[in-house]
Amino acid sequence: MSRNTWQKQAVYEALCALDHPSATEVFERTGETHPSISRGTVFRVLGEFAQNGKIKKIQLSDSDVRYDFRTEAHFHARCRGCGAIRDVFVPLPQEFCNARIEGFTIDGCEAEFFGVCDKCRQNA
């Protein structure tokens, strides 16, 4: 069992305060309140959290790996203008849940939606 250290708490709090951040963004945010924390520690903690299912590691096209504290099933939408990422909560159609591929067991899926956020649309 893993211990809950101040470093882990600080990383999780920084992650929750940001919107789908990269590991570097989490490190920078954590460093604001805990300047002694190392980049390596932040990256290791994020990896451990993702492996243990405490957070989601998401890889969107043309983007650095991002992290999401929301672990329930959902997808993501990315703004073509500013790159903002938003959560998309939609139920999967039953045929997706029951999909079968010969010689392959499906245990999850990722989908990415593209569009323009309200802020970018208003600035256009």
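Predicted model: local features only at pLDDT ≥ 70, side-chain atom pairs only at ≥ 80, totals over all residues.
Colleague: Which elements make up the chain, and in what order do they run?

Modeller: Start at the N terminus and read α-α-α-β-β-β-β-α-β-α. That gives 5 helices and 5 strands. The C-alpha atoms fill a box of roughly 50 × 45 × 20 Å along the principal axes.

Colleague: What percentage of the residues is buried?

Modeller: Of the 124 residues in the chain, 30% are buried. The cut-off is a relative accessible area under 20%.

Colleague: Where do nonpolar side chains tend to go in soluble globular proteins?

Modeller: They tend to be buried together. Now take this chain. Its largest nonpolar core has 13 residues. Six of them touch the most other members: Val 11, Val 26, Val 42, Leu 46, Ile 55 and Tyr 67. Helices α1, α2 and α3 each supply at least two residues of this core. The largest share, 4 residues, comes from α3.

Colleague: Which residues does Leu 46 touch, beyond those up to four places away in sequence?

Modeller: Leu 46 touches Val 11, Ala 23, Val 26, Ile 55 and Tyr 67.

Colleague: How do I read a helix for its buried side? Which residues of α2 are buried?

Modeller: First the general idea. An α-helix has 3.6 residues a turn, so residues three or four places apart point the same way. Now the case. The buried residues of α2 are Ala 23, Val 26, Phe 27 and Thr 30. Seen down the helix axis, they fall within an arc of 100 degrees, so they line one face of α2.

Colleague: What covers the buried residues of α2?

Modeller: The cover includes α1, α3 and β2, the strand at 65-68.

Colleague: Let me try one residue. Is Val 26 buried or exposed?

Modeller: Val 26 sits in helix α2. Its relative accessible area is 0%, so Val 26 is buried. Next, list its contacts, leaving aside neighbours within four places in sequence. They are Val 11, Ala 14, Leu 15, Leu 18, Pro 21, Val 42 and Leu 46.

Colleague: Leu 15 is on that list. Is Leu 15 buried or exposed?

Modeller: Leu 15 lies in helix α1. It is buried, because its relative accessibility is 0%. Leu 15 and Val 26 are 11 residues apart along the chain, and their C-alpha atoms are separated by 5.8 Å. Beyond four places in sequence, Leu 15 touches Pro 21, Val 26, Ile 55, Tyr 67, Asp 68 and Phe 69.

Colleague: How far apart in space are Val 26 and Phe 69?

Modeller: C-alpha to C-alpha, they are 12 Å apart. In sequence, 43 residues separate them.

Colleague: Now a loop residue. Where does Thr 71 lie?

Modeller: Thr 71 is in the loop between β2 and β3. Its relative accessible area is 40%, so Thr 71 counts as partly exposed. Leaving out residues up to four places away, Thr 71 touches Gly 53, Lys 54, Ile 55 and Lys 56. Thr 71 and Phe 27 are 44 residues apart along the chain, with 21 Å between their C-alpha atoms.

How values were computed
Residues numbered from 1 in each chain as written. Heavy atoms only, no water. Buried < 20%, exposed > 50% of the residue type's maximum accessible area, 1.4 Å probe, protein only. Core = buried A, V, L, I, M, F, W, Y, C linked by side-chain atoms within 4.5 Å. Contact = heavy atoms within 4.5 Å. Arc of directions from axis to C-beta.
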